[in-house]
Amino acid sequence: MTTQKDHVLIFDTTLRDGEQSPGATMSHSEKLEIAELLDDMGVDIIEAGFPIASEGDFQAVTEIAKRARNAVICGLSRANFKDIDRCWEAVRHAEKPRIHTFIGTSPLHRAIPNLDKDQMAERIHDTVTHARNLCDNVQWSPMDATRTEWDYLCRVVEIAIKAGATTINIPDTVGYTAPRESADLIRRLIAEVPGANEVIFATHCHNDLGMATANALAAVEGGARQIECTINGLGERAGNTALEEVVMAMKVRGDIMPFETGIQTQKLMHISRRVSTVSGFAVQYNKAIVGKNAFAHESGIHQDGMLKNAETFEIMRPEDIGLSETNIVMGKHSGRAALRSKLKELGFDLADNQLNDVFVRFKALADRKKEVFEDDLIALMRDQETGEEYDRIKVKFLRVICGTEAPQSADLTLSIDGKDQQTTAQGDGPVDATFNAVKALFPHDARLQLYQVHAVTEGTDAQATVSVRMEEQGRIATGQAADTDTVVASAKAYVNALNRLLVRREKSDPDSDVKQVSYKDAG
Ligand code: KIV
Ligand code: ZN
């Protein structure tokens with residue numbers, strides 16, 4: 001007997017709420033790529049950005065709207081006509097556009113634009129009406145809903161519905177609610193607000209107390225039929241509900257949560273890796289679903305059980321999220337066709353010229369490393385995703401002298417705008433010496449915000465992936481690189497971040513990537 005499952009819409013806000021996370025800034029082309037992956041994976045609604053926030057956001061939302069094939073494309077706007085018009089200007093290019101407008105309704109948030117309850121109610125009526133006159137699909141959010149007085153919340157939700165909102169989103173902006181309360185809130189709103197049955201209720205949870213996934217699923221139990229979430233739970237502070245967690249929870253526990261989504265779950269791992277790369281936010285090893293250890297069974301007891309029956313310790317199969325069963329090893333004798341097929345399996349579908357380039361780098365790596373694992377190939381792919389505009393500065397040669405006695409020194413040659421320049425610099429350790437050498441050759445004021453090293457695989461010949469995040473006048477850029485030599489990877493990652501910062505500085509208008517919105521500006 002088959003039972004009909006209720007459909008839960010997946011609203012992904014990686015490119016808006018996720019990207020709002022300090023340091024997670026993505027480039028224009030990265031945003032387009034992530035949007036395409038989300039669209040392709042079956043996400044119902046993509047919140048592509050906050051068009052009024054910056055010229056960069058506006059351009060990204062516009063382009064994503066033009067390119068989307070399946071998903072509804074949504075943009076965020078505060079509760080004023082200028083924001084809403086700008087949002088519409090960007091999303092209107094989509095086959096299925098949506099305007100999302102919000103205002104903070106809790107006492108603390110009402111104090112920011114200095115509106116009393118009646119003035120805010122009027123503002124909600126006017127702005128939702130304005131949005132609905134532009135677009136048939138309007139989402140409205142009372143920010144900080146979970147700390148808004150119950151009566152006032154009911155009042156403003158009713159106003160928004162009457163003004164034409166088609167989706168009512170209930171944000172737990174500061175991650176304050178708990179599962180039972182989250183379910184009750186939605187259940188009561190649907191039961192008590194006139195017109196509530198005519199709209200879709202959404203849940204938008206933050207993870208400050210580690211309950212975002214549980215709260216979102218509880219809201220669905222209470223009647224919400226749209227979950228707002230991000231890949232890897234990316235988002236401000238402790239992040240948002242993780243898309244992969246809610247989707248897999250409903251899939252694995254369909255017996256007690258009879259809901260379905262349109263997500264092709266075998267694409268989860270690839271998009272998780274891509275978001276981690278472009279945002280520069282590494283996925284914690286023991287993260288549910290997409291963490292490196294989520295399917296690793298290392299203890300003796302576990303391995304024994306797994307060999308007898310995989311279900312002993314596994315409630316889902318690795319291939320359900322796109323991890324292939326075997327981590328097939330490649331080596332220096334592997335050919336182009338094998339590399340192409342392996343990369344395709346990992347989610348990288350390459351054109352011939354791209355494959356040629358990766359193949360040369362794969363051979364160089366295989367010469368240095370006996371066995372090349374899937375993770376090595378992924379690191380190789382991350383390492384090459386630049387393009388000429390990001391190649392003003394290149395690392396040509398690096399030799400460091402290390403020892404027990406400080407200082408260490410680095411002999412570095414950079415190609416800067418096609419001209420080789422060389423210097424030797426000292427520092428407190430080889431990485432510090434190398435970064436000092438870069439600064440000597442290409443003076444800059446950018447501040448190093450993050451330096452992170454990960455071993456891609458096990459063994460002393462493992463590649464290291466290095467992430468470097470830099471900040472200059474509010475602009476943030478993240479660079480990454482992989483190499484079997486940690487110091488070389490560090491130099492390349494630093495230079496990569498610097499190149500990205502230069503592109504940002506020179507190509508965009510002065511503040512294009514500096515978000516300049518304030519919640520105060522509700523009107
Ligand atoms: O967390 C929040 O309240 C938000 C709103 C803008 C929807 O992200
Ligand atoms: Zn949020």
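**From a loop glycine to a zinc site**

G403 is partly exposed, because its relative accessible area is 44% (buried is under 20%, exposed over 50%, partly exposed in between, with a 1.4 Å probe and protein chains only). G403 sits in the loop between strand 11 (393–401) and strand 12 (408–416). Helices (H or I, at least four residues) and strands (E, at least two) are DSSP runs, numbered from the N terminus.

This is a predicted model: local features need pLDDT of at least 70, side-chain atom pairs count only at pLDDT 80 or more, and totals for chains, interfaces and linings use all residues. Residues are numbered from 1 along each chain as its sequence is written, chains are lettered from A and ligands numbered from 1 in the order in which they are written, and side-chain values use heavy atoms, with hydrogens and water left out.

Go from G403 to H206. The two are 197 residues apart along the chain, and their C-alpha atoms are separated by 47 Å. H206 (NE2) coordinates the zinc ion (ligand 2), together with D17 (OD) and H204 (NE2), at 2.0 to 2.1 Å. Donors here are N, O and S atoms within 2.8 Å of the metal (3.2 Å for Na, K and Ca); water is not among the atoms, so sites may look incomplete. The donor residues follow the spacing D-x186-H-x1-H. D17 lies in helix 1 (residues 14–18) and H204 in strand 8 (residues 200–205), so this pair ties together parts 187 residues apart in sequence. Both D17 and H204 are buried.

Another buried residue is S77, which counts as such because its relative accessibility is 0%. S77 belongs to strand 4 (residues 72–78). Leaving aside neighbours within four places in sequence, S77 is in contact with F50, D83, I84, C87, I99, H100, T101 and F102 (contact means heavy atoms within 4.5 Å).

Now the domains. The chain is divided into domain 1 (6–279), domain 2 (295–321), domain 3 (326–384) and domain 4 (388–516); the bounds come from an automatic or database domain assignment.
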